[in-house]
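User: I am new to this structure and would like to go through some of its local features. Please take them one question at a time.

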Amino acid sequence: MDSARRIALTFDDAPTGPGAFFSGAERTARIVGHLSEAGVAAAMFFVRTDRIASHGGAARLAAYVAAGQALANHGHSHLALSKTPLDRFVDDLNRAADALDGIGPHAPFFRYPYLDEGRALEVQARMAEALEAKGLRPGHVSVCTYDFYLQDLVDQHLARGVRLDMDGLGAVYCDLMVRCAAFYERVARESLGRSPAHVLLLHENDLAALYLGRLIAALWAEGWRIVPAQEAYADPVYALSAETTFRNQGHIAALAHAGGAKRRDLVPLEEEEDHIAARFSIECVAPE
């Protein structure tokens, strides 16, 4: 039996507009290239459907599908459930579902923007009913990351004319992601007694376009086997319910918290902004 740890790649906020390094179309082409060269199929791209009509969004989503990747629902307007009336939130996810129906094949999963599933168990129960009514399952994450914050640091420094060490940036990006995977794997083994199929949270950003191939190689080097997202979601762990509102660290952390683990023990150092900023300053900024 294959004893390798399993992990699926998922990307939020597709199709993102132009960034500091690439246009949207260039970014999509690079991400498709990284996945194809590594032989990774059926990664999942969670779509903000308010972006489909801009920056070649529809064509870019079609390119992911043509390359053997999958699309899923990330809402229309990227609303935070804890800050949005429930009826409006449900209308937004339904609008996104209808938009995805109009552009082609997609997987029956919905990922909450910001991993925000609400601040009350009653709200979570009502959302479960709304998803079931639409034929959707939660697009859970088991490995959270702060790749978006690292991207923000890149954008801020480039806007100020700061020169970056691109090799150092790639090393930090990959190391942060791999360490987050190792952290949540430990949490899973301690709380579940086994290694589930994990789901890695990434974003469709310039860092992915630059370094996804390098990240895949780093995961392989640490003994991870990359599997299709729907294969990961078939793991029974994603059908388990976590009686907690501590959801922003993903499903494994939520289950661990519901089982008695303390919140402070469920957030890795690699998701702390001060830590990321310090590493960025030391390892990613080119010497003058």
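Analyst: The questions below concern a predicted model, and each answer ends on the value or name asked for.

User: Which residues does the cis peptide bond join, and in which loop is Pro15 found?

Analyst: Most peptide bonds are trans. Here, a cis bond with omega of about -5° joins Ala14 and Pro15. Pro15 belongs to the loop between β1 (5-14) and α1 (24-38).

User: Is His78 buried or exposed?

Analyst: His78 sits in the loop between β3 (70-73) and α3 (86-103). Its phi is near 60°, a positive value in a residue other than glycine. Buried means under 20% relative accessible area. His78 has a relative accessible area of 12%, so His78 is buried.

User: Is Tyr114 buried or exposed?

Analyst: Tyr114 also has a positive phi, near 65°. Tyr114 is in the loop between β4 (109-110) and α4 (121-133). A residue counts as exposed over 50%. The relative accessible area of Tyr114 is 51%, so Tyr114 is exposed.

User: Which side chain does Arg279 join in a polar contact of 2.6 Å?

Analyst: Arg279 lies in helix α10 (residues 273-283) and counts as buried at 15% relative accessibility. Leaving aside neighbours within four places in sequence, Arg279 is in contact with Val172, Asp175, Leu176, Arg179 and Cys284. One of these contacts is with the partner in the polar contact of 2.6 Å between side chains, and that partner is Asp175.

User: Why do the buried residues of α10 line one face of the helix?

Analyst: The buried residues in α10 are His275, Ile276, Arg279 and Phe280. Because these buried residues fall within a limited arc seen down the axis of α10, they line one face of the helix; that arc is 135°.

User: Which residues are exposed on the other side of α10, and which helices do its buried residues pack against?

Analyst: On the other side of α10, the exposed residues are Asp274 and Ile282. The buried residues of α10 pack against α5 (147-159) and α6.

User: Which residues is Gly168 in contact with, leaving aside its neighbours within four places in sequence?

Analyst: Gly168 is in helix α6 (residues 166-192). At 12% relative accessibility, Gly168 counts as buried. With neighbours within four places in sequence left aside, its contacts are Glu283 and Cys284.

User: How many Å apart in space are Gly168 and Phe11, C-alpha to C-alpha?

Analyst: Gly168 and Phe11 are 157 residues apart in sequence. In space, their C-alpha to C-alpha separation is 23 Å.

User: At what angle do the axes of α6 and α9 cross?

Analyst: Two packed helices are described by the angle between their axes and the distance between the axes. The axes of α6 and helix α9 (residues 251-258) come within 9 Å. α6 passes α9 in a left-handed crossing. The angle between the axes is roughly 35°.

User: Which residues of α9 meet α6, and how many nonpolar, polar and charged residues are in the contact?

Analyst: From α6, the residues in the contact are Tyr184, Val187, Ala188, Ser191 and Leu192. In α9, they meet Ile252, Ala253, Leu255 and Ala256. By class, the contact of α6 with α9 has eight nonpolar, one polar and no charged residues.

Note on methods:
Residues are numbered from 1 along each chain as its sequence is written. This is a predicted model: local features need pLDDT of at least 70, side-chain atom pairs count only at pLDDT 80 or more; totals for chains, interfaces and linings use all residues. Side-chain values use heavy atoms; hydrogens and water are left out. Helices (H or I, at least four residues) and strands (E, at least two) are DSSP runs, numbered from the N terminus. Buried means under 20% relative accessible area, exposed over 50%, partly exposed in between (1.4 Å probe, protein chains only). A polar contact is a pair of N or O atoms within 3.5 Å; within protein, one must be able to donate a hydrogen and the other to accept it, and residues adjacent in sequence count only if both atoms are side-chain atoms. Contact means heavy atoms within 4.5 Å. Axes are lines fitted to C-alpha atoms, for helices over the stretch in contact, and angles run from 0 to 180 degrees between N-to-C directions. A crossing is left-handed if the near helix is turned anticlockwise from the far one by less than a right angle, and right-handed if clockwise. Ala, Val, Leu, Ile, Met, Phe, Trp, Tyr, Cys and Pro count as nonpolar, Asp, Glu, Lys and Arg as charged, and the others, Gly among them, as polar. The arc is that of the directions from the helix axis to the C-beta atoms.
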